[in-house]
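Here are my notes on this model, point by point. Please read them alongside the coordinates.

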Amino acid sequence: MLDIFLDCLFDSLKMLPLIFITYVLIELIERKAEFAKNGRFLSGKAAPVLGSLAGAFPQCGISVMSAKLYERKLIGLGTLFSVFIATSDEAFSILISSPKRLYLIPLLLIKIVLGIIIGEILNLIFSKKVQEEDEDFEHEDICAHCHDHEAEVKEGERLWVKRYLLIPFIHSLQTFAYVFAVTLVFGALFAENGFIGADRLSSFLEKSKFFAPFVTALVGLIPNCASSAVITTAYVNGVISFGAMTAGLISNAGVGLAVLFKNTAKTKRNLLIALGLYLFGAISGLIISAFNF
């Protein structure tokens, strides 16, 4: 058991430097990119295209911003889905830091294309004129769960260090903790000398490849970065297939879904949106699994 613990710890530690660099770059780009300042790019006929591309960018804010814009009737339902479907949360940093980093390309392509198609169809079906109104967002407004805006205002010169070093480092440690915990559990269960064993894992994967997407899509609905981290780490460790991972990450909309559910007056609407995300994710994962990708 000690060997499994040490192997999992060292494997996770190897990923930490690249995860940290990824978060530093994300923080820099997020604060400099004008598209994160307002919702103008999410209006117009090309909104699902731009929404999918923006959602695929590894950040915490676009799904939150799109949910807030949708609540204020500034964007359409299809545009909301295009962002939600393309959002990957922690998956980007974990995959790009793992030996399976090349699978990030097909994952993003699938999510972007599906987001565009679903978004355009839904906007066509539910074609309501949205309000032509600018809505400005500060970075701290859409990433409130990891920023203390009032504290940042008071910090002055230390602000740069906090924004571009401390916050990425905290994110990196959180992701490292998720990866290590999940890897340790899977190692204890499925390693050669684990409780279940690698042979039983292979047999289970073969039997459950058409069932797993329905489970991971359900996990993906949890509006927390931990859900995407668990799903992606399970794939990196060979516990689930690419199709099952894709199913969970399509249904995963980051914190955006939680923003919608804050409006208790629209619970039925929010449940239908969550159900739509679940079905799109599960069916997509099922199709991919059928091709043994």
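1. Buried residues make up 53% of the 293 residues in the protein. Buried means under 20% relative accessible area, exposed over 50%, partly exposed in between (1.4 Å probe, protein chains only). This is a predicted model: local features need pLDDT of at least 70, side-chain atom pairs count only at pLDDT 80 or more, and totals for chains, interfaces and linings use all residues. Residues are numbered from 1 along each chain as its sequence is written, and side-chain values use heavy atoms, with hydrogens and water left out.

2. The secondary structure comprises 15 helices and 0 strands. These are DSSP runs numbered from the N terminus (helices H or I, at least four residues; strands E, at least two).

3. The largest nonpolar core has 32 residues. Such a core is a set of buried Ala, Val, Leu, Ile, Met, Phe, Trp, Tyr and Cys residues joined through side-chain atoms within 4.5 Å. Helices supplying at least two of its residues include α4 (77-86) and α15 (267-290). Ile-273 is among those with the most contacts inside this core. Apart from it lies another core, of 22 residues, among them Ala-244 and Met-245.

4. Thr-216 lies in helix α11 (residues 212-220). Thr-216 counts as buried because its relative accessibility is 8%. Its side chain reaches the backbone oxygen of Ala-244 at 2.6 Å and that of Pro-213 at 3.3 Å. Both are polar contacts (N or O pairs within 3.5 Å; within protein, one atom must be able to donate a hydrogen and the other to accept it, and residues adjacent in sequence count only if both atoms are side-chain atoms).
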